[in-house]
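My notes follow in the order I checked things.

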Amino acid sequence: MRIGHGYDVHRLAEGRKLILGGAEIEYEKGLLGHSDADVLVHAIMDAMLGALALGDIGKHFPDTDERYKGADSMKLLAEVCRIIGEKGYKIGNIDSTVCAQRPKLSPYIQTMRENIARVCGCDVSQISVKATTEEKLGFTGEGLGMSATAVCLLLRI
Ligand code: MG
């Protein structure tokens with residue numbers, strides 16, 4: 001088996017949709033980025049690629065490439081799953097955490113888990129998504145942005 005870790009940050013901005021784990025979340029701001037800026041899915045993809053020492057999503061989906069402008073991160077996740085499958089691995093489990101002061105994410109956690117599990121072709125029990133605040137400290141606490149971390153265990157097919 002192989003283990004990987006991922007971390008990502010995006011800034012919050014007016015006039016953007018907030019997409020986390022493929023779910024559209026009601027909030028007055030959204031995350032800024034070249035793609036849909038799904039910080040959770042970005043951390044998860046980096047964990048999966050990292051487990052096989054395949055670099056990061058910046059290498060696979062460069063933000064200088066117009067093809068990825070406004071990209072649906074769930075489609076990129078499907079591509080990462082294809083890559084790890086091609087290398088002879090499948091997901092054992094994923095554990096992830098989103099850091100956000102607001103909005104309250106608990107009503108969306110199950111949907112995010114189901115979205116990720118569907119795209120990855122695994123059971124929802126293999127996908128953990130958690131959310132925390134950072135007690136009003138730092139950039140997430142001040143509502144300037146959100147961060148996410150993920151670890152992923154890959155198993156040989
Ligand atoms: Mg990102």
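Predicted model: local features only at pLDDT ≥ 70, side-chain atom pairs only at ≥ 80, totals over all residues.

**Entry 1: H1 against H3**

I started with helix H1, residues 39-51, and looked up how it lies against H3. The two axes come within 10 Å and cross at roughly 10°. Angles under 35 degrees count as roughly parallel, so I noted H1 as roughly parallel to H3.

I then listed who touches whom. From H1 the contact takes in Val-41, His-42, Ile-44, Met-45, Met-48 and Leu-49. From H3 it takes in Ser-73, Met-74, Leu-76, Leu-77, Val-80, Cys-81 and Ile-84. Sorted by class, the H1 and H3 contact holds 11 nonpolar residues, two polar and no charged.

**Entry 2: H3 against H4**

Next I took the other partner of H3. Helix H3 spans residues 73-86 and helix H4 spans residues 109-120; their axes come within 9 Å and cross at roughly 40°. That angle makes H3 oblique to H4. I also looked up the hand of the H3 and H4 crossing, and it is right-handed.

On the H3 side I wrote down Met-74, Leu-77, Ala-78 and Cys-81; these meet Asn-115, Ile-116, Val-119 and Cys-120 of H4. By class, the contact of H3 with H4 has seven nonpolar residues, one polar and no charged.

I cross-checked the two lists.

**Entry 3: Salt bridges**

How many salt bridges does a search of the whole structure find? I get six salt bridges, and I went through some of them by hand.

The side chains of Arg-82 and Glu-79 meet in a salt bridge at 2.8 Å, N to O. Both sit in helix H3, and because they are three residues apart, about one helical turn separates them. Arg-82 is partly exposed at 42% relative accessibility, and Glu-79 is partly exposed at 27%.

Lys-17 and Glu-24 form another salt bridge, with 3.8 Å between N and O. The cut-off for a salt bridge is 4 Å. Lys-17 counts as exposed at 55% relative accessibility, and Glu-24 is exposed at 51%.

Arg-102 forms a salt bridge with Glu-28, with the closest N and O atoms 3.2 Å apart. I checked where the two ends sit: Arg-102 is in the loop between strand E5 (89-99) and H4, and Glu-28 is in the loop between strand E3 (23-25) and strand E4 (29-31), so the pair ties together parts that are 74 residues apart in sequence. Arg-102 is partly exposed, with a relative accessible area of 47%.

**Entry 4: A cis peptide bond**

I stayed on Arg-102 to check the backbone. The peptide bond from Arg-102 to Pro-103 is cis, with omega near -10°. Pro-103 is in the loop between E5 and H4.

**Entry 5: Gly-30**

Is Gly-30 buried or exposed? I have Gly-30 as buried, with a relative accessible area of 0%. Gly-30 belongs to strand E4.

I then looked for what surrounds this glycine. Leaving aside neighbours within four places in sequence, Gly-30 is in contact with Arg-11, Leu-12, Ala-13, Arg-16, Lys-17 and Leu-18. Leu-18 is 12 residues from Gly-30 in sequence, and their C-alpha atoms are 3.9 Å apart. I note that Lys-17, in contact with Gly-30, is also the salt-bridge partner of Glu-24.

**Entry 6: Positive phi**

Last, I looked up positive phi values outside glycine. Ala-53 has a phi of about 50° although it is not a glycine. Ala-53 lies in the loop between H1 and helix H2 (57-60), and it is exposed, with a relative accessible area of 62%.

For Glu-135, phi is near 55°, again a positive value in a residue other than glycine. Glu-135 is in the loop between strand E6 (127-132) and helix H5 (138-141). Glu-135 is exposed, with a relative accessible area of 62%.

Terms used
Residues numbered from 1 in each chain as written. Heavy atoms only, no water. Axes fitted to C-alpha atoms, helices over the stretch in contact; angles between N-to-C directions. Helix = DSSP H or I, 4+ residues; strand = E, 2+ residues; numbered from the N terminus. Parallel < 35°, antiparallel > 145°, perpendicular 65-115°, else oblique. Left-handed = near helix turned anticlockwise from the far one by under 90°. Contact = heavy atoms within 4.5 Å. Nonpolar A, V, L, I, M, F, W, Y, C, P; charged D, E, K, R; others polar. Buried < 20%, exposed > 50% of the residue type's maximum accessible area, 1.4 Å probe, protein only.
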